[in-house]
Amino acid sequence: MRKYLLPEGGQFYKVNMHSHSTLSDGKQTPEELKEAYLKLGYAAIAFTEHGQLHDLNHLTDERFVAIKSYEIDFIEKSHPTFTTYKGAVMVNDHAEALHMNFYAKRPDITERVRKTPIKKFKIKNFNTAIRRAKELGFLTVYNHPNWSMNTHELYSKLEGLDGIEIVNGASQRSSDIDYAPCVYDQMARAGKRMICVGGDDNHNVQHFGTAWTMVKAPALSYADLMENLEAGNCYASEGPEITELYMEGDTVHVRCSAAKGVFLTTAGRRKGAILSEGDAPLVTKASFKIKPEDYFFRITVRDAAGKHANSRFYYLDELN
């Protein structure tokens with residue numbers, strides 16, 4: 001009997017989970033972003049302005065959903081990410097940061113978490129912000145860990161997150177450092193159960209369409225998108241498609257767009273790969289046997305351009 005990891009029914013909707021307009025430090029207005037992203041095949045944008053929760057519900061219609069959201073950021077200019085280089089000059093580019101996106105589960109939410117008096121760069125303040133956001137009705141996602149120059153010492157102590165930004169399009173485009181599956185893996189092994197998402201973090205047109213989240217939902221509505229995002233009925237991508245993902249017995253089956261490789265990651269060293277090497281045909285499906293000692297697993301698809309799609313981690317105890 002099949003157990004679908006991505007729902008059998010419904011439709012995939014392409015969502016930009018990280019976006020900036022002229023309401024903060026972006027170059028395009030919200031209206032311009034809506035029209036540009038509709039032309040790129042998107043169905044929704046999360047308008048994650050810095051520290052500002054805007055009501056853009058007027059942009060939502062039968063073709064498009066404007067997700068009410070914002071980005072909260074902590075930075076400590078006196079807190080360098082390096083501690084061993086004596087005599088080094090401390091500048092802002094060496095300061096560790098922490099950014100998170102908070103997504104309102106309902107479009108009528110108006111109250112947001114304010115950093116005062118929790119603005120100091122401390123783990124307990126980050127966790128207070130996450131807790132308050134969830135109490136107010138937000139989903140919480142940890143952003144661009146590599147751009148933020150975070151280490152395991154920080155992100156392993158974050159509590160209550162709903163997700164991680166496994167790929168940040170703008171940062172990845174300019175630096176090739178913010179495709180961060182290893183951070184996701186490390187957090188999972190530290191006991192953090194989260195989904196993974198992708199977003200452009202667009203500030204100008206060069207960032208459009210660099211990373212996104214595919215959410216499978218029964219219909220294009222605010223409630224359906226957020227409910228299925230929270231349930232983990234989604235995957236992150238910067239190119240490939242995962243068209244089908246299901247368990248049959250002890251085997252996970254994947255169907256995808258043409259790829260150079262489909263990969264299995266588990267809680268341990270045991271891995272799996274179905275590869276197209278040399279002149280072999282590209283891969284469009286793969287199957288991997290799952291063992292009880294795997295504890296959890298996720299799927300990665302890599303295309304010929306080196307772009308990735310990532311499922312979330314699935315836990316064996318949730319599949320029983």
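# A guided tour of the predicted model

Residues are numbered from 1 along each chain as its sequence is written, and side-chain values use heavy atoms, with hydrogens and water left out.

**The overall view**

Switch to a cartoon display. The protein has seven helices and 18 strands; these are DSSP runs numbered from the N terminus, with helices (H or I) of at least four residues and strands (E) of at least two. Its radius of gyration is 19 Å, close to the 20 Å that the globule rule gives for 320 residues, so the protein is as compact as a globular protein of that length. That radius is taken over C-alpha atoms, and the rule is 2.2 Å times the number of residues to the power 0.38. Along the principal axes, the C-alpha trace spans about 55 × 50 × 40 Å.

Of the 320 residues, 54% count as buried. Buried means under 20% relative accessible area, exposed over 50%, and partly exposed in between (1.4 Å probe, protein chains only).

**The cores**

Next, select Ile67, Leu98, Met100, Phe102, Tyr142 and Leu229. Of the 59 residues in the largest nonpolar core, these six touch the most other members. A nonpolar core is a set of buried Ala, Val, Leu, Ile, Met, Phe, Trp, Tyr and Cys residues joined through side-chain atoms within 4.5 Å. Now select Leu38, Ile45, Leu245 and Phe288: they are included in a second, separate core of 36 residues.

Go back to Leu229. Leaving aside neighbours within four places in sequence, Leu229 is in contact with Met17, Leu139, Ile195, Val197, Thr213, Val215 and Cys234.

**Near the start of the chain**

Select Leu6, in the loop between strand S1 (2–4) and strand S2 (11–19). Leu6 is buried, with a relative accessible area of 3%. Not counting residues up to four places away in sequence, its partners include Cys234, Tyr235 and Leu245. Leu6 and Tyr235 are 229 residues apart in sequence, with their C-alpha atoms 8.8 Å apart.

**Helix H5 and strand S13**

Move to helix H5 (residues 181–189), where Pro181, Val183, Tyr184, Asp185, Met187 and Ala188 are buried. Just after H5, Gly191 takes a positive phi of about 95°. Then select Thr265 in strand S13 (residues 261–266). Thr265 counts as buried at 9% relative accessibility, and its contacts beyond four places in sequence include Asp185 and Arg189.

Gly199 sits in strand S8 (residues 195–199) and counts as buried at 0% relative accessibility. Select Asp201 next, in the loop between S8 and strand S9 (212–217). Asp201 is buried too, at 8% relative accessibility, and its phi is near 55°, a positive value in a residue other than glycine.

**Two more backbone stops**

Most residues other than glycine have a negative phi, and most peptide bonds are trans. Met149, in the loop between strand S6 (138–142) and helix H3 (152–155), has a positive phi of about 60° although it is not a glycine. Met149 is partly exposed, with a relative accessible area of 27%.

Finish at Pro117, in the loop between strand S5 (95–104) and helix H2 (123–136). The peptide bond from Thr116 to Pro117 is cis, with omega near 5°.

Definitions and conventions: Predicted model: local features only at pLDDT ≥ 70, side-chain atom pairs only at ≥ 80, totals over all residues. Contact = heavy atoms within 4.5 Å.
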